[in-house]
Amino acid sequence: MTNLRVILLVLFSATMLWLWYPFLTQTEQPAQPEETIAKPDYVAIDLKQTSFAENGQLSYQITAQRMELYQELGFSHFEVPIFVLHNGQHNWQLTANEATLYENDTLILEGNVKATNLNDAAMITHIDADNLRLEITNRMMRSEQPVIITGPNVTITGKGLIADLNIEVIELINHTETIYDKQ
């Protein structure tokens with residue numbers, strides 16, 4: 001019986017060695033460096049850009065620590081942008097960790113987004129969100145994430161926002177809470 005066990009053990013070991021041989025003899029290949037999807041056509045550091053509408057009026061201004069232009073893909077990416085939207089007396093300043101401006105004049109702001117109304121007498125002074133979409137031509141602001149709207153004596157929280165900056169109308173999609181401050 002012991003001879004049979006030894007023969008089975010040798011046969012099993014030989015079969016396992018034969019099956020695992022390709023894996024045991026492979027040499028480790030060095031990890032391939034990550035390939036970038038696209039390389040920017042142009043990179044600007046400490047960018048300051050001013051854009052005018054077709055009628056010659058100031059439309060918006062952007063300052064950013066870094067900007068990468070992807071001409072073929074149709075967008076520009078900004079790091080730590082400050083975006084000032086001019087619209088007569090209804091001017092807004094938007095800041096974020098990063099932003100992407102598409103050729104159709106849509107600006108997507110992401111990470112710690114803060115929209116500040118530059119009109120001191122406005123009922124709404126700040127809008128805070130994690131991300132925000134601004135349609136520059138239409139002067140519309142949208143978000144589907146939680147937002148905090150702050151005014152001189154009020155703080156409103158909700159999820160989702162549609163704001164028409166032409167007429168200063170802001171609509172919350174899902175209202176969560178309103179807190180009125182005492183004066």
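View 1. Trp 20 is partly exposed, with a relative accessible area of 47%, where buried means under 20% relative accessible area, exposed over 50% and partly exposed in between (1.4 Å probe, protein chains only). The model shown is predicted, so that local features need pLDDT of at least 70 and side-chain atom pairs count only at pLDDT 80 or more, while totals for chains, interfaces and linings use all residues. Residues are numbered from 1 along each chain as its sequence is written, and side-chain values use heavy atoms, with hydrogens and water left out. Trp 20 sits in helix α1, which covers residues 2–24; helices (H or I, at least four residues) and strands (E, at least two) are DSSP runs, numbered from the N terminus. Leu 24 belongs to helix α1 as well and counts as exposed, at 61% relative accessibility.

**View 2. Phe 83 in the largest nonpolar core.** The largest nonpolar core has 30 residues, of which Phe 83, Leu 94, Leu 134 and Met 141 touch the most other members; a core is a set of buried Ala, Val, Leu, Ile, Met, Phe, Trp, Tyr and Cys residues joined through side-chain atoms within 4.5 Å. Not counting residues up to four places away in sequence, Phe 83 touches Tyr 60, Gln 61, Ile 62, Trp 92, Gln 93, Leu 94, Leu 107, Leu 134 and Ile 136, a contact being heavy atoms within 4.5 Å. Between Leu 94 and Trp 20 there are 60 Å in space, C-alpha to C-alpha, and 74 residues in sequence.

View 3. Strand β6 (residues 98–102) runs antiparallel to strand β3 (residues 75–79), to which 5 bridges join it, and strands pair if DSSP finds at least two bridges between them. Glu 98 in β6 is the bridge partner of Glu 79. On β7, which is antiparallel to β6 and joined to it by 4 bridges, Leu 107 stands opposite Leu 101. The β6 and β7 strands form a hairpin with 3 residues between them, and Asp 105 in the turn has a positive phi of about 60°.

**View 4. The salt-bridge network around Arg 66.** Arg 66, Glu 68 and Glu 79 are linked in a network of salt bridges, each defined as a side-chain nitrogen of Lys or Arg within 4 Å of a carboxyl oxygen of Asp or Glu. The N to O distance is 2.9 Å for Glu 68 with Arg 66 and 3.9 Å for Arg 66 with Glu 79. This second pair links distant parts of the chain, with Arg 66 in strand β2 (residues 58–70) and Glu 79 in strand β3, 13 residues apart. Glu 68 is buried at 13% relative accessible area, whereas Arg 66 is partly exposed at 26%.
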